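Have the structure open and follow along.

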Amino acid sequence: MTLNNQGHTKDDTNSFVNIAFTHDENGSETVIRRKSGNSNGLQLDGTTNATNSNNNGASVPPAANTMPIDFDDILPMIGEFGKYQKILFLCMIPFAFFVAFIYFSQIFLTLIPEQHWCTVPELEALPLEERLALSIPRMDNGDYHNCFMYNVNYTDLLAKGVRKADPSWPRAACMHGWSYNFTEIPYATVATEENWVCDHATLPTYAQSIFFLGAIVGGLLFGWIADKFGRIPSLIGCNLVGFAAGVTTAFVSSFWQFALMRFFVGFAFDNCFTMMYILVLEYVGPRYRTFVANMSIAIFFTTAACMLPWIAYYLANWKLLAVVTSAPLLLAVFTPLVVPESARWLVSQGKVDKAVAIMKKLEKVNGKHISAETYQNFTDSCMKLRQEDTKNQSYSVMDLFKTPRLRRITILLIIIWMAISLVFDGHVRNVGSLGLDLFFTFTVASFTEFPADTLLTLTLDRFGRRWLACGSMVLSGLFSLCATVAPLGVYSASLAIMGRFFVNISYNIGLQYAAEILPTVVRAQGVAFIHIMGYVASIIAPFVVYLTYISPMLPLIILGILGIVGGLLSLLLPETLDHDLPQTLSDGEDFGRGQSIWDFPCLAKKIDDKNDLEVRNPNFVRSTQSGASLRASTGGELRSSILQRSVRSRYSSKL
């Protein structure tokens, strides 16, 4: 129980109270308590700090009235989205470009024109149509075969004046390489130079899967570096690995050399942006984190993805493309000049003085002023909480499977995230099979990220996670299935792109969902495990797309079915909107108990904030953290493949 400034008691067990400080015109410092439930407006009911006098005129000792404060309390005093944070937001631009280039570049490094045929040296002097008519058998659909030629004596045929093949002639696999029609794809790629077609057509698929293996290893490695040595060293390290491997790709001369470089480029995937994403979100106030988290992807990542095909088109050289898309990663070495180390990580390592120094820099750039007493209180609070941070060390991801409800929820999260990852990556890589110009279609499909993220920003905290996840996944699946029955070309491509649009929404919801459901004591490890399983699914995705060689409809059928199944499974998860994050394993076991599948958060009544009266469905009681605040406590970790935090640093991130 605490006593507010009107003399009324208030039950602190029902609301977590933070404090902030203000200065009046006389220079006295006032402690302001705020409920963390509403990041958009501070609810004040405070006492005065040590610089004030009590009712008897006596000076109050500093420790008497000073409550512990954490990083989220001191951030509003520094500025939640001031000049410094805006600079950091703009600093995300190059890193968003990096991750887009790393993720999508192999598509344009390994393009293979649909029209390619066996090379017959004896016929090189003939026009293309005559060469094909004489040397290449036709398939059942009337097109010339990509992988077979007639096994006859072409010198004798030319001498006899034969210019058209007899279908009864014997056939053989290509013996002298292939010729390619570069009309639609106006440059040679590593795949065409090395002839990764026909019997070797799976090699680009293997290379892409090896890339995702590298992403798993890199996530584990640089996640450990981030926890051990800091976010900035990890950010620089993964970008330098991506730079070195990407540039070296331009000099490979065999498949295994190319695959090895893709493996090391995979080290940088996700991490090259996620580290920066985490750092920026940690310095942004809760009310702005929704904007920063989603719009950095919607604007910067989308712009880079839309630019990439045209960079490839106008460079028209795969080696130059590898260098141009990899060399900018070297700019990461300049990161420490602008971007500070994570204050939360510094606190978790006991380096509170360095964290305070960073906050003073932010304070200065944002034009704010905070007293030395406030910083001292913050330092004392951090050290005390760190000393108490020993009880969370014994938990592991296996604890998620020890109790029935938590085990079921964890398995559902794994299956759903694997489905989302496979469908998302499948749509990305299937764009070349839609019957339209690849460069244009890829640009349009990539642009869907912008409206998807914008729509999600406006609706996620209103409609909740569960039904949005279900609806977007099911719609993605339905559009994918509809694309299989539509005429190949504009109609099927448009439907497939709509499938991509809705899976973009699902992907962004899924990034947040697991971090809100899993209990704090195993959240970092649990979400890391789920994301790694997502990469396992991404390894399979290129093979799903490869099925287009059997039938162009097969990939979309599989993606459609997986989307619908994944969406329906989402309804079995508990809703997290306006709920406290579960802290302990028992909280996780009981989380969402009593909810119905048919409960809609947007239809529930609101709380009477004025009188603190609860008038909502008890299964959707507004917690002490708003949707924005939930994202505040988890948003810095959502898009990381390995979460970049150990349990220890995750617990200390409350500081």
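Let's start with the residues of H2 that are buried: Phe71, Asp73, Ile74, Leu75, Met77 and Ile78. Keep in mind that this is a predicted model. The helix spans residues 71-78, and with six of its eight residues buried, H2 is mostly covered.

Now for the aromatics. Counting rings of Phe, Tyr and Trp whose centres lie within 6.5 Å, you get 39 aromatic pairs. Take Phe211 and Phe212: their ring centres are 5.2 Å apart and their planes sit at 75°, so this pair is edge-to-face. As for cover, Phe211 and Phe212 are both buried.

| Charged residue | Ring | Distance to ring centre |
|---|---|---|
| Arg138 | Tyr144 | 4.0 Å |
| Lys360 | Tyr375 | 5.4 Å |

In the Arg138 case, the charged end of the side chain is what sits over the Tyr144 ring. Lys360, for its part, lies over the face of Tyr375.

Ile87, Leu240, Leu330, Leu331, Val333, Phe334, Leu337, Val338 and Val365 make up a nonpolar patch of about 730 Å². Where does Leu337 lie? You'll find Leu337 in the loop that runs between helix H12 (318-326) and helix H13 (343-348). Is Leu337 buried or exposed? With a relative accessible area of 66%, Leu337 counts as exposed, because the cut-off for that is over 50%.

How values were computed. Residues are numbered from 1 along each chain as its sequence is written. This is a predicted model: local features need pLDDT of at least 70, side-chain atom pairs count only at pLDDT 80 or more; totals for chains, interfaces and linings use all residues. Side-chain values use heavy atoms; hydrogens and water are left out. Patches are made of residues with over 30% relative accessible area and no salt bridge: like charges are joined within 9 Å, nonpolar side chains (Val, Leu, Ile, Met, Phe, Trp, Tyr) within 5 Å. Accessible areas come from the Shrake-Rupley method with a 1.4 Å probe; for residues, only the protein chains shown count as cover. A salt bridge is a side-chain nitrogen of Lys or Arg within 4 Å of a carboxyl oxygen of Asp or Glu. Helices (H or I, at least four residues) and strands (E, at least two) are DSSP runs, numbered from the N terminus. Buried means under 20% relative accessible area, exposed over 50%, partly exposed in between (1.4 Å probe, protein chains only). Rings of Phe, Tyr and Trp (its six-membered ring) pair if their centres lie within 6.5 Å; planes under 30 degrees apart count as stacked, over 60 as edge-to-face and the rest as tilted. A charge sits over a ring if NZ of Lys or CZ of Arg is within 6 Å of the ring centre and within 35 degrees of the ring normal.
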